[in-house]
Amino acid sequence: MEYHIDTQVCVIGAGHAGVEAALACSRLGLKTVIFTMNVDSIAMMPCNPHIGGSSKGHLVREIDALGGEMGKNIDKTFIQSKMLNVSKGPAVHSLRTQADKAEYSKAMRQVLEKQENLTIRQAEVTEILTEEGRVTGVRIHTGTVYRCVAAIICTGTYLNARCLVGESITETGPSGMQRSTGLKDSLNGIGIPLRRFKTGTPARMDGRSLDYSKMTIQEGDKVVIPFSYSTDPADVQIEQVPCFLTYTNEETHAIIRQNIDRSPIYAGIIEGTGPRYCPSIEDKVVKFAEKTRHQVFIEPEGRGTNEVYVDGMSSSMPDDVQQRMYRTVPGLENCVIVKNAYAIEYDCINANLLKLTLETRNVDGLFCAGQFNGSSGYEEAAAQGLMAGINAAMKILGKEPLVLKRSEAYIGVLIDDLVTKDNREPYRMMTSRAEYRLLLRQDNADLRLRKYGYRVGLITQEQYDHVCAKEKMINDEIARLKSIRIGAARENQEYLRAHNSADLKTACSLAELMCRPELGYEQVAGLDPDRKPLPKEVTEQVEINIRYEGYIARQKRQVEQFDKMENRKIPANIDYNDVGSLRLEARQKLKEFRPSSIGQASRLSGVTPADIAVLLIYMEKYKVQQKTEQAGKDTDND
Amino acid sequence: MGIMALMYDHVQADTIAAIATAMSEAGIGIIRISGPDAAAVGSKLYRTPAKNRTDISEWRPGTIRFGYIVETDENGEESLIDEVMLSWMKSPHSYTTEDTVEINTHGGMFLMNRILELVLKSGARLAEPGEFTKRAFLGGRIDLARAEAVMDLISSENEFARKSSAAQLEGAVSARIRELREKILYEIAFIESALDDPENYSLDGYTDKLMSVCQDLEKEMRSLLSHAEEGRILKDGIRTAIVGRPNVGKSSLLNHLAGEERAIVTDIAGTTRDTLSETVRVGGVLLHLTDTAGIRKTHDKVEQIGVDRAQKALDSADLILFVIDSSRALSSEDEEIAARIINKMEEGKKCILLMNKTDLSSGVKEEDVKALFTSKGAECPPLLFCSLQTGEGTKELGDFISEMFHTGEIAQKNEIFISNLRHKGAVQEALDSICLVEDSINNGMSEDFFSIDLMNAYRVLGTILGEAVEDDLVEEIFSKFCMGK
């Protein structure tokens, strides 16, 4: 006898995508069940122990601004924190933390357990149930059915996973966890084809076996800035744990070269496509043969464990090669391996079959997020999980979906890239993927996105009021600084000289003075007697906006151009067969993909500028026809 | 609201004009003026057969009338430019659905350009390529079948441009654009890697290197821009005046180059009473040839007009082909012509002396011909021998002109008919972006700011190769589309 349980949303997988999706749905008042193969692996970090990093730190900030959990959770459980690129412009400052992996997972599990409307269920989901193209429920391995209106697939790297250490192949998920196998046939059955990607991870070692005196110590920042806008900065000034830097050498590389035929990748055993941005040590040695050494960071996995992560030396070499090659690295001569480095292959989808809401185009109510969509990284997963959760909820609640534009958020860039572009390897966020990154800074995520979090209901009135007030203070202060004129009077010149700045030739505004490289908001304080004390988060924005005004204005102009294309919506009922002159490839792509705007269409691979022109003309023609027909009707009525 | 009101929604505020017939065709040409001021612009230039003014907007729409186009000098004196037929179409009953005046001339490229210049001086602006079609299209003037045809054309045009940029730019130039893009991309990639992985790649000392790369890029782009002008000549052609006293073979030269009998050729001196024009391709160079009536003192009124025009052709030419009959002795007319050419050479015009009729026995010494110039202290232009009767020596002429062009010998007047304005604009924008990078370096900005402008340079250069989508895409694509229609 089949047993039914009624709920509203089923989230399949409790990794970084799954937990955000489940929290978003349950927080928005929907009855939600989150399924996990093992409740002890909730929000597990099976690879590196970082949260954040270049551009990933931006994602965490954005998740937080929208009402997600990742930022808050890492603020509770980090053991080292660093703002990267501080010597560079504000757009590329990026926060990166070392997490205490076990604590991170535990803290997140507690958040889920305390969450109203949310049930955690340890089970393997084996089937997505649909009726007439709509999700009606999911079946678990016991046969029990959870009826729902939306399901969110966040299976990460678990689906049909296998791990490779040289010739040794085990059919497990990451870190020896049980893999899931049942879903593949079900997905194929409802028109969701799967593909195979691979990724890898380095060895974990017993920290006691390493000689840190041969490495360079890497400390965290003296003053830690929290990820979350809700975290009190005072709470994150903790005692931090250091990391260590060492290097591979010619001897390491020689061992790898001698054994390259035993690497599953080079031996052709691995079928999946791996990421180029995160190469294994054997890839680095083969592809960058001219480099005589590569960096290796030794990073603690947590406070409560001796385990350390050997960052920079991921591998799928056989154990004996691993043992020998790691031992060539200074400080690792007597290393004791706890877990081998391994490559992992898994099933995922081509996200081209999703809408920008992360709902599949062919199954109503089925959403997908995280590594299952062909991305990589905890932050990328969490961002998608949050957006899939929000959009599943919006759909059920009958509200407008939330799609962030490329000009609004890294999350917008991430999802647009995944859904629109032809990704042939696991997708990782990078600041260079964001065309308008000067506007999408980690320091202004709240100013950019709080309003959307508020609209969907994950941000409270109080939080929203706070950001509105902040924005007003920023704008008022900028206007005030622009209006104050500083004349070339003697006392002003003396003040400037005292601050190593050139004399004024003519009067200028305080804002203009602030643009001098040697000056800034603090430095011109003496020329600004009427200044009122403002919070640091306000003066920081004032300073950035004034100092980089020219660049910001240029990017805003580019955004205007971009928005013009994004705002040219393609009629939902367009019949591409009726659009003459489209090339066959473009026609197929457009029919299959059904882009929502000209902007999105122009980013589809296989659609050329000429096809876009043809489409634009068709749309103009269509508009004129509609007008004429409408006018014809009007005339008839006269 | 009725249909008529809707149809007017799109009407643009400004009035545009361009040559609406293909540029390479001689014979009848049409200059189209479209927009609210079309009639006013036309009225300024058009005179009735009795040389009177008329207000075109009062004509019955859909009429066509004979008359003259005049040019008014600063003293208010009018001189005739050409005989024309002028037609008047009132909105929405025209191709563009706007008020439209069309000036039909028989005058060939030179006169058409001349009239267009006058039209532009009288208050119209130069239509962007394809702008008439766009207005027609937006006006709902183009029906389904027509729109499909337009799409086909755009599609094939663009496909062509994408596959081989030869149509837009000479191959060598597009190769240089690619090279520039590669260089820029390399630098962006380097900066981005360092920002993405700051612990692995250092940007220390990088700005000096980037500065020198930017300076190289700047230099190359500036040279590209100056060569864009050469590219324009290659595409638009060299305005070439054929001069010489009557019956030396000017019309034969035109016909020979054009490959068919256009001008009336007889043995009677003064047969050509008007200027005749032809556009031909010689050795890879497009020549807009104007065959002038012989320059000589005449009392024949009709011929006098022709002689004046010949002088004007001389005035506006980039290249002068001076034809001399080698079978006969030089005359005072040859001297007169040489004197005029010397004037033009002093202005930087190029000239080639062509000794025709080498099939007949020689009647003039080479030294005497050279003396036409050297006796007046001028350098003698290059001298070529040919027989237009037998075709001997004509290939050499083509080669010679082609070489003259490729070595940059012909400096063209900067004029409004720049064909690949879009490409030039793109290189200019890329150059501006590179200069902004240099500014950023000088202002001590950090590296991430450099890539913003580097990226822009990369992107705009890509639009030349059709490798990036411009935002104002319809505008862009329409401009690749044949001018006018």
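Mentor: Begin with contact: two residues are in contact if their C-beta atoms, placed from the backbone, lie within 7 Å. Helices (H or I, at least four residues) and strands (E, at least two) are DSSP runs, numbered from the N terminus. This is a predicted model, in which local features need pLDDT of at least 70 and side-chain atom pairs count only at pLDDT 80 or more, while totals for chains, interfaces and linings use all residues. Residues are numbered from 1 along each chain as its sequence is written, and chains are lettered from A and ligands numbered from 1 in the order in which they are written.

Trainee: Which residues of H3(A) meet H4(A)?

Mentor: From H3(A) they are A:Asn73, A:Ile74, A:Lys76 and A:Thr77, which meet A:Glu103, A:Tyr104, A:Ala107, A:Met108 and A:Val111 of H4(A). By class, this contact has 5 nonpolar, 2 polar and 2 charged residues. Ala, Val, Leu, Ile, Met, Phe, Trp, Tyr, Cys and Pro count as nonpolar, Asp, Glu, Lys and Arg as charged, and the others, Gly among them, as polar.

Trainee: What describes two packed helices?

Mentor: The angle between their axes and the distance between the axes. Axes are lines fitted to C-alpha atoms, for helices over the stretch in contact, and angles run from 0 to 180 degrees between N-to-C directions. Helix H3 (residues 70-77) and helix H4 (residues 101-114) of chain A pack at about 130°, with axes 9 Å apart. That makes H3(A) oblique to H4(A); angles under 35 degrees count as roughly parallel, over 145 as roughly antiparallel, 65 to 115 as roughly perpendicular and the rest as oblique.

Trainee: At what angle do H2(A) and H9(A) cross?

Mentor: The axes of helix H2 (residues 56-66) and helix H9 (residues 378-397) of chain A cross at roughly 25° and come within 9 Å. H2(A) is therefore roughly parallel to H9(A). Their contact has 7 nonpolar, no polar and 4 charged residues.

Trainee: Is A:Met619 buried or partly exposed?

Mentor: A residue is buried if 20 or more other C-beta atoms lie within 10 Å of its own, exposed if 12 or fewer, and partly exposed in between. A:Met619 has 18 within that distance, so A:Met619 is partly exposed. A:Met619 sits in helix H19 (residues 609-637) of chain A.

Trainee: What share of chain A is buried?

Mentor: Buried residues make up 51% of the 638 residues. The secondary structure of chain A comes to 19 helices and 24 strands.
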